[in-house]
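Hello,

Here is the structure for you to look over. My notes follow below it.

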Amino acid sequence: ICRELSKRAKLPQHNTIDDAVALLKKSRNVIVLTGAGISTSLGIPDFRSKETGLYSQLQHLGLGDPQEVFDISLFREDPSIFYSVAKDILPSSKKFSPTHAFIRLLQDKNKLLTNFTQNIDNLEGCAGILPEKLIQCHGSFATATCIECKYKVKCGEIYKELKAGRVARCDRCIRSVRQAKPGLKRKRISKGSTASRKKRQSYEDSTDDEDNDIAVAGVMKPDITFFGEDLPATFHDRLMNHDRDLVDLVLVIGTSLKVAPVSEVVGVLPHHVPQLYISREPCSHANFDIDLLGDCDAVVTELCRRAGWDLQHEMILQDE
Ligand code: CNA
């Protein structure tokens, strides 16, 4: 993707909110590229917002760069850093935002080609975005895998640990550590004295020993893409071998577009396809045809109002 990247020129004929509405109404194959900003109204912090973003709150961890929380080498060294932060971005309910509802509305109107999301909160599914319309570019919290034995579980199985900020360990590893012990004991019993048998028995019964089993078991890593890991193959496949030929409108919502390779998507799509940007602040490193700056829930609500579309959501105030 990097090789094909270039900063596209703006299309001169589009620049107002009504142009955006007209584009939405006529388009049939919209790519919606989303980031953490579409979930902040639900109380889930993004990364880079100045005072509320997760990165601004991580000074106390003594990291050189807050992104290290999501660095795969550091996770292998000390997973407790990630676990102490993960609880803050783990949604505590299945509530989704008006912006999620807007993407669902595009799907219902047969306009959604693909929602490429960088989010890991899995709320697109809660809003009813179909799996075949969704690419979770950075994976999600939906499942977790043991970094040692690759045993996979649903998020529910480690939810308690995640919410408590405790490192989740692999059940299968713990079971196999424990199963290995009776074998060891049998061998020793046949050779050892009664005293050594008793000593060993009391060691195996102790809570310390259980803690020890857990401590040597593999760490469960939620299936989110850390810095230093590859994106799912579906990301490139879908973008380059399917969507690139079909897309007729690009909507980028609630992302600072600072994480590659997702940030490079806008540069590889055909340059004649209009691109709209909805976020609180402008994006200085990409050329969008129309910037709709502000709270994304309010912006999509206004777009729908002008389009005459009925966007249903409990968080939309009547007079907004
Ligand atoms: P980011 O770099 O923090 O950027 C978020 C952008 O959204 C910023 O430009 C904000 O100004 C803007 N923004 C925040 N709230 C709103 C709002 N209500 N309306 C409009 N704009 C808003 O996050 P990115 O998504 O660009 O970075 C990619 C990272 C963030 C991915 O790897 C994610 O996994 C990661 N992340 C995800 C979540 C989540 O799943 N909810 C939460 C935090 C971080």
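**What was found**

This is a predicted model: local features need pLDDT of at least 70, side-chain atom pairs count only at pLDDT 80 or more, and totals for chains, interfaces and linings use all residues. Residues are numbered from 1 along each chain as its sequence is written, and side-chain values use heavy atoms, with hydrogens and water left out.

Ligand first. A backbone N or O atom of I120 lies 2.8 Å from a ligand oxygen atom. A36 also places a backbone N or O atom 2.8 Å from an oxygen atom of the ligand. For S256, a polar side-chain atom is 2.6 Å from a ligand oxygen. The ligand alone exposes 860 Å², and the protein buries 97% of that (Shrake-Rupley method, 1.4 Å probe).

The shell holds 27 residues (a heavy atom within 4 Å of the ligand). F47, R48, H138, T255 and S256 come nearest. By class, nine are nonpolar, 13 polar and five charged (Asp, Glu, Lys and Arg count as charged; Ala, Val, Leu, Ile, Met, Phe, Trp, Tyr, Cys and Pro as nonpolar; the others, Gly among them, as polar).

Next, the rings. There are eleven aromatic pairs (Phe, Tyr or Trp ring centres within 6.5 Å, using the six-membered ring of Trp; planes under 30 degrees apart are stacked, over 60 edge-to-face, the rest tilted). Why is the pair F82 and F226 tilted? Its planes stand at 50 degrees, so the pair falls in that class, with ring centres 5.2 Å apart. The pair links distant parts of the chain, 144 residues apart. F82 is in helix α3 (residues 79-89), and F226 is in the loop between β6 (220-224) and α10 (233-246). Helices (H or I, at least four residues) and strands (E, at least two) are DSSP runs, numbered from the N terminus.

Two backbone points to finish. The peptide bond from A260 to P261 is cis, with omega near 5 degrees. P261 sits in the loop between β7 (249-253) and α11 (265-268). N110 has a positive phi, near 55 degrees, and is not a glycine. N110 lies in the loop between α4 (98-108) and β2 (112-117).

Best regards

Terms used
A polar contact is a pair of N or O atoms within 3.5 Å; within protein, one must be able to donate a hydrogen and the other to accept it, and residues adjacent in sequence count only if both atoms are side-chain atoms.
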